[in-house]
Amino acid sequence: MSAATQTAHVICADADVAEGERKLAFVGGRSVVVFRIEGQLHAIENSCPHNGASLASGCLQGRVLSCPAHGLRFDLGTGRSLTGGQLCVKLLPTRVIDGQISLATA
Ligand code: FES
């Protein structure tokens, strides 16, 4: 699929996500969380791949997010679990256009 056929969905204003902070939003029919870590945006689907818990309130250490339900830890750079298995959080591409963080979805 080309970028031209994708639809941009605004999550929030870029200024709404300060360094080390996060923003929960409902975009394009899905719940997403966007984090700013060391200046980089990381957006994920707000659903733990283990059992579907919300990840929005998970503890963040560096770019490692712990699920509040059972404690599985995920690297927000790769999406992969650091605590074993093949589980991965779904990473969602973002871009900043005119001061707005947008999610590119199919
Ligand atoms: S639902 Fe996230 S670790 Fe179990």
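## Cysteines

C88 is partly exposed, with a relative accessible area of 37%, where buried means under 20%, exposed over 50% and partly exposed in between, using a 1.4 Å probe and protein chains only. C12, in contrast, counts as buried at a relative accessibility of 6%. C88 takes part in no disulfide, and the nearest cysteine sulfur, which belongs to C48, is 11 Å away. A disulfide is taken to be a pair of cysteine sulfur atoms within 2.5 Å, and by this rule the count comes to 0 disulfides.

## Basis of the model

This is a predicted model, in which local features need pLDDT of at least 70 and side-chain atom pairs count only at pLDDT 80 or more, while totals for chains, interfaces and linings use all residues. Residues are numbered from 1 along each chain as its sequence is written, and side-chain values use heavy atoms, with hydrogens and water left out.

## The annotated span

The UniProt record, an unreviewed entry, places the feature "domain: Rieske" at residues 9-103; such positions are given in the numbering used here, feature names are shortened, and annotations may be inferred rather than shown by experiment. The end C-alpha atoms of residues 9-103 lie 5 Å apart, and the span is 0% helix and 46% strand. Helices (H or I, at least four residues) and strands (E, at least two) are DSSP runs, numbered from the N terminus.

Strand β2 (residues 22-27) pairs with strand β3 (residues 30-37) in the antiparallel sense over 6 bridges, where two strands are said to pair if DSSP finds at least two bridges between them. Within this pairing, V27 has R30 as its bridge partner, and A25 has V32. The two strands form a hairpin with 2 residues between them, and G28 in the turn has a positive phi of about 55°.

On the other hand, β3 also pairs with β4 in the antiparallel sense, over 6 bridges, and here the bridge partner of F35 is H42. β3 and β4 form a hairpin with 2 residues between them, with E38 in the turn at a positive phi of about 50°. Because 7 of the 8 residues of β3 are buried, this strand is largely enclosed by the rest of the structure.

## The sheet β5-β6-β7

An open sheet of 3 strands has the order β5-β6-β7, with antiparallel pairing. Its edge strands are β5 (59-61) and β7 (73-75), each of which pairs on one side only. Neighbouring strands of this sheet are turned by 25° against each other on average, direction ignored; the axes are lines fitted to C-alpha atoms, for helices over the stretch in contact, and angles run from 0 to 180 degrees between N-to-C directions. β5 and strand β6 (residues 64-66) pair in the antiparallel sense over 3 bridges, and L60 has L65 as its bridge partner.

## The loop residue P49

P49 is found in the loop between β4 (40-45) and β5, and this residue is partly exposed, with a relative accessible area of 29%. Residues up to four places away in sequence not being counted, P49 touches F74, L87, C88 and V89, where contact means heavy atoms within 4.5 Å. The C-alpha atoms of P49 and S81, which are 32 residues apart along the chain, are separated by 9.4 Å.
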